[in-house]
Amino acid sequence: MVVSALATIDEEGPEPPVPRADPTGDPFLRTRFALPLRPATFLRRERLAAHLDEALRTPLTLVNGAAGAGKTLLVADWAASVGRPVAWLTTDAAGQRRGVFWAYVLQALRVCDAPVSGEIGFPADPERVDHGLLARLAAELSGRERPALVVLDAYDHVTDPEIAEQLEFVLHHAGQGLRLIIVTRTEPLLPLHRYRAAGDLTEIRGAELAFTPDEAAQLFEAHGLRLPAPAVSALVERTGGWAAGLRLCALAALGQPDPETYLKEFEAGRSAVADYLLAEVLKRRPVETQDLLLRVSVLERFRPDLADRLTGRTDAEPLLAELHRENAFVEDLGHSWYRVHPLFGEILRAHLRVRAPGLEPELHARAARWLRASGHLPETLAHGAAAGDWEFTARALVDDLALGRFLTGLHSHDLAELFAGMGPEPVSPATDLVRAARDLARGDLDRGTGWLRRAADALDHRGRSDAGLGPDAGSTDPDGDAAYGLAAAQVGRALLESFAARLTGAPDLAERAAATAEEWRRDVRADLVGKHPEVDALLLTHLGGTRLWAGRLDHARAALSTVAERPDGAATALPAAAALCHLALIDYAEGWIGRAERRALEAANGAERFGLPGWPGSGIGRLVLAAVAVERDELDRAEALLDDERDAREDADAREDQDPLTAATRALVTARLLLARGHLRAAAQAAQPAASADPLSPWAQGQAASIAAAVHLAEGRPEAAAEVLGQAPDRQRQPACVLQEARVRLAQRDPGAALDLLDTLRGPHSQGRTGPALTVRATLVRAEAAAQAGDLVTARGLLARALSRARRDSLRRPFHEAGPWTRRLLDSAPPWQPAASRRTAPVPVVRPTGPEDAAPPPALVEELSRRERDVLERLARVMSTEEIAADLHVSVNTVKTHLKSVYRKLAVNRRGEAVRRARESGLL
């Protein structure tokens with residue numbers, strides 16, 4: 001009889017029953033709740049145990065690693081020694097059913113010493129679970145003084161996204177009452193980014209699970225083996241620190257008179273273990289099975305039909321199933337995929353070379369073409385390279401629209417190593433494009449652009465039928481003509497040209513490359529375009545970088561925001577991070593240093609999440625953080641960040657000096673730091689970047705001119721500062737230049753001209769783009785102008801406003817740059833007259849007078865209206881057009897209309913002249 005999932009109510013009380021079976025009626029399997037036993041040779045690694053202790057304070061802990069990495073034993077050992085009840089559940093295929101999964105979770109809590117009440121209920125349907133049950137479970141957990149510890153082992157069996165949503169619901173609403181530890185081979189379908197950003201996630205991943213040489217030595221000692229450090233290090237390098245591989249090596253060496261020599265022989269594939277495996281596993285099998293094992297040993301994984309392609313027969317499926325059932329070193333990976341145990345595969349390959357010399361390259365070639373037709377690009381490339389068929393391998397990469405993988409950081413090193421064996425032959429657009437991508441990715445601009453030009457010439461002059469591209473017997477193109485391959489090659493060419501344009505600071509070339517990519521992409525299969533989101537992301541990032549170099553900040557922001565705001569996983573992690581860094585640089589240039597800092601940190605966190613700590617382009621992010629530190633007068637931190645950027649640049653494979661934008665930013669930040677430290681001449685020299693780009697960046701030139709002008713002003717040479725600023729291209733559109741020129745006018749005792757310059761910052765090109773770092777400086781210039789005119793109350797009000805605006809972003813540098821007058825002004829304020837705002841202290845600004853003021857003022861052309869007088873009064877308080885409009889409750893356009901009328905009636909052209917004329921006429 002099937003055991004009922006619902007038992008009768010206990011006669012001693014109303015407490016609901018404790019179920020003895022899952023919703024299907026099957027009894028609960030107790031082994032799924034038991035902690036796995038640790039072998040006698042298990043090594044407790046304190047660094048991992050200490051890291052796992054963080055699971056006691058974070059709601060979610062993730063232990064993620066490959067099979068055999070030691071995840072389960074690590075967590076089981078920790079759970080046994082933590083000194084608190086731990087609900088352990090080993091999931092399996094049954095975990096796919098929602099009701100069964102939650103029944104087991106509830107039972108895991110009940111069988112440990114921290115049970116849940118029966119009032120929560122029990123899933124009655126194997127396929128679903130009532131939302132109210134989950135709410136009751138979360139509510140009860142949230143009320144616990146000590147959180148429940150729950151371990152879900154082998155969670156990679158759970159692939160139902162609804163189970164993940166339900167688990168997230170319980171975890172979120174349980175609050176501090178639940179500590180969930182997930183042990184898995186794959187990334188769970190949970191919003192890890194939210195927990196990571198909140199500091200509520202503890203992560204132990206494959207790299208951390210790998211044994212270090214010291215730990216491996218201890219493991220061998222636990223097996224009774226003592227090996228020299230070099231021998232241990234060699235084994236760790238060979239196995240990648242893989243726990244199972246190291247234990248297998250230790251077991252193999254036990255009982256040997258010379259374990260070190262034995263393990264060296266074992267590495268060579270001619271050890272006693274190899275003899276044993278060949279004799280006991282291979283030679284006892286029928287000839288067909290031996291042939292199958294030898295041929296599939298060249299593959300990391302394989303399906304029966306792929307194995308048939310290598311053997312030329314059709315019997316692989318039953319043979320592989322039999323080998324797996326008998327545990328004959330063939331593992332079933334699921335979904336009809338198999339693999340030979342790595343160590344056994346190494347021995348089989350060595351035996352294959354002896355038994356059938358010259359067959360291995362042919363097997364790789366057959367596998368490459370089968371995999372190409374099946375859409376498995378990484379394995380296609382690996383086997384094509386192993387076969388030495390570089391023409392096929394390069395075409396596969398280009399035709400798949402995957403050339404951008406050289407530039408995404410995740411695969412660039414692997415691809416560079418894979419194509420390292422490709423010599424000068426063959427010569428075709430595909431092979432030249434691969435060579436160009438390889439060299440450009442590692443910063444070799446001259447070689448990369450040379451290959452790119454040769455590929456471009458071939459693509460421009462050859463017809464579609466003889467372009468050396470397009471499908472062959474292994475192509476996935478359904479039409480079977482060369483036009484498809486040519487279109488993919490042209491898109492890849494445009495992508496590399498846009499990258500080269502960014503490295504050389506050539507915005508026109510980047511714009512043409514983007515247009516070319518858009519034109520040819522229409523002929524590329526839509527599924528490939530969707531499969532490679534990195535292509536568009538890289539194109540837009542390169543385009544945005546060149547636009548920034550050209551000083552077109554708005555257009556750069558439009559391109560970069562598209563990438564940064566729509567990340568698409570690991571494939572676009574690098575371009576998204578690079579786009580964020582460039583956006584951070586734009587924010588810094590426009591004065592939004594808080595936002596710049598947040599974006600730079602977001603870029604670094606995103607890159608680190610996908611394993612890109614030293615990715616090319618990260619220098620701009622570090623430089624922006626250094627620039628922000630200078631603005632906050634944290635000069636030691638800024639210097640440390642510059643040192644970090646230099647060290648990372650020297651260690652990186654790509655030479656970021658080739659990127660003119662990075663070089664210019666580095667020079668400018670270094671110059672600002674030197675200027676802040678008082679090293680004036682060094683700052684002037686450092687502001688000039690050694691960039692080879694043509695054309696030069698007007699933005700970089702403007703920033704350099706601003707720094708040079710600051711040096712001249714500090715040395716008391718305002719005329720030289722004015723001359724330097726006058727040579728800056730497009731300086732009227734660069735707030736840094738405008739602000740510096742206003743300071744020059746103050747140094748020349750012309751505050752009216754300084755105020756007129758500041759008014760241009762409110763123009764149509766800069767409206768809404770000026771952040772606190774610039775507005776604070778502008779306000780300080782206005783305050784100094786008022787102080788020069790003797791209007792100390794207004795000066796104090798403006799200074800108070802600058803202090804208020806600076807407080808949020810901790811801005812200090814602008815006040816140091818302004819000079820000692822700010823301190824004197826604050827110190828001289830009487831206690832009954834605080835530094836008030838301009839609106840509450842409308843004391844007029846008295847302009848400096850000269851000999852020309854002795855002449856009688858000319859008569860007014862026409863009397864001012866009352867509203868025009870209101871506008872004029874606020875104009876005298878150094879209020880902006882927007883502030884006047886807000887104060888009078890009218891539109892900005894209305895204020896501008898009144899200003900034009902005031903200028904006409906006073907016979908002037910600028911606001912400074914208008915205020916001075918009004919004072920002369922007694923209107924103010």
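Student: In which loop is the place of His335?

Tutor: In this predicted model, His335 sits in the loop that joins β6 (330-334) to β7 (337-340).

Student: What makes His335 count as exposed?

Tutor: The relative accessibility of His335 is 74%, and exposed is the word for values over 50%, so His335 is called exposed.

Student: Where else does a positive phi occur, just after α43?

Tutor: His889, which comes just after α43, takes a positive phi of about 60 degrees. Within helix α43 (residues 881-888) itself, the buried residues are Thr881, Glu883, Ile884, Ala885 and Leu888, and among the elements that cover them are α39 (792-807), α42 (866-876) and α44 (892-906).

Student: Why are α21 and α22 called roughly antiparallel to each other?

Tutor: The axes of helix α21 (residues 429-441) and helix α22 (residues 445-461) cross at roughly 155 degrees and come within 8 Å. Angles over 145 degrees count as roughly antiparallel, so the two helices receive that description.

Student: Which hand does the crossing of α21 and α22 have, and which residues of α21 meet α22?

Tutor: The crossing of α21 and α22 is left-handed. On the α21 side, the residues in contact are Pro429, Asp432, Leu433, Arg435, Ala436, Arg438, Asp439 and Leu440, and the residues they meet in α22 include Leu445, Trp451, Leu452, Arg454 and Ala458. Sorted by class, the contact of α21 with α22 has 10 nonpolar, 2 polar and 6 charged residues.

Student: Is Ala754 buried or exposed, and how do you know?

Tutor: Ala754, which lies in helix α37 (residues 751-759), has a relative accessibility of 0%; a value under 20% is called buried, so Ala754 is buried. Leaving aside residues up to four places away in sequence, Ala754 touches Ala742, Arg745, Leu746 and Val781.

Student: What makes Ala229 exposed?

Tutor: Ala229, found in helix α9 (residues 229-239), has a relative accessible area of 54%, and because exposed means over 50%, Ala229 is given that label.

Student: How many disulfides does the structure hold, and why are Cys112 and Cys581 called buried?

Tutor: The structure holds 0 disulfides; for a pair of cysteines to be counted, their sulfur atoms would have to lie within 2.5 Å. As for burial, the relative accessible area is 13% for Cys112 and 2% for Cys581, and buried means under 20%, so both cysteines are called buried.

Note on methods. Residues numbered from 1 in each chain as written. Predicted model: local features only at pLDDT ≥ 70, side-chain atom pairs only at ≥ 80, totals over all residues. Heavy atoms only, no water. Buried < 20%, exposed > 50% of the residue type's maximum accessible area, 1.4 Å probe, protein only. Axes fitted to C-alpha atoms, helices over the stretch in contact; angles between N-to-C directions. Helix = DSSP H or I, 4+ residues; strand = E, 2+ residues; numbered from the N terminus. Parallel < 35°, antiparallel > 145°, perpendicular 65-115°, else oblique. Left-handed = near helix turned anticlockwise from the far one by under 90°. Contact = heavy atoms within 4.5 Å. Nonpolar A, V, L, I, M, F, W, Y, C, P; charged D, E, K, R; others polar.
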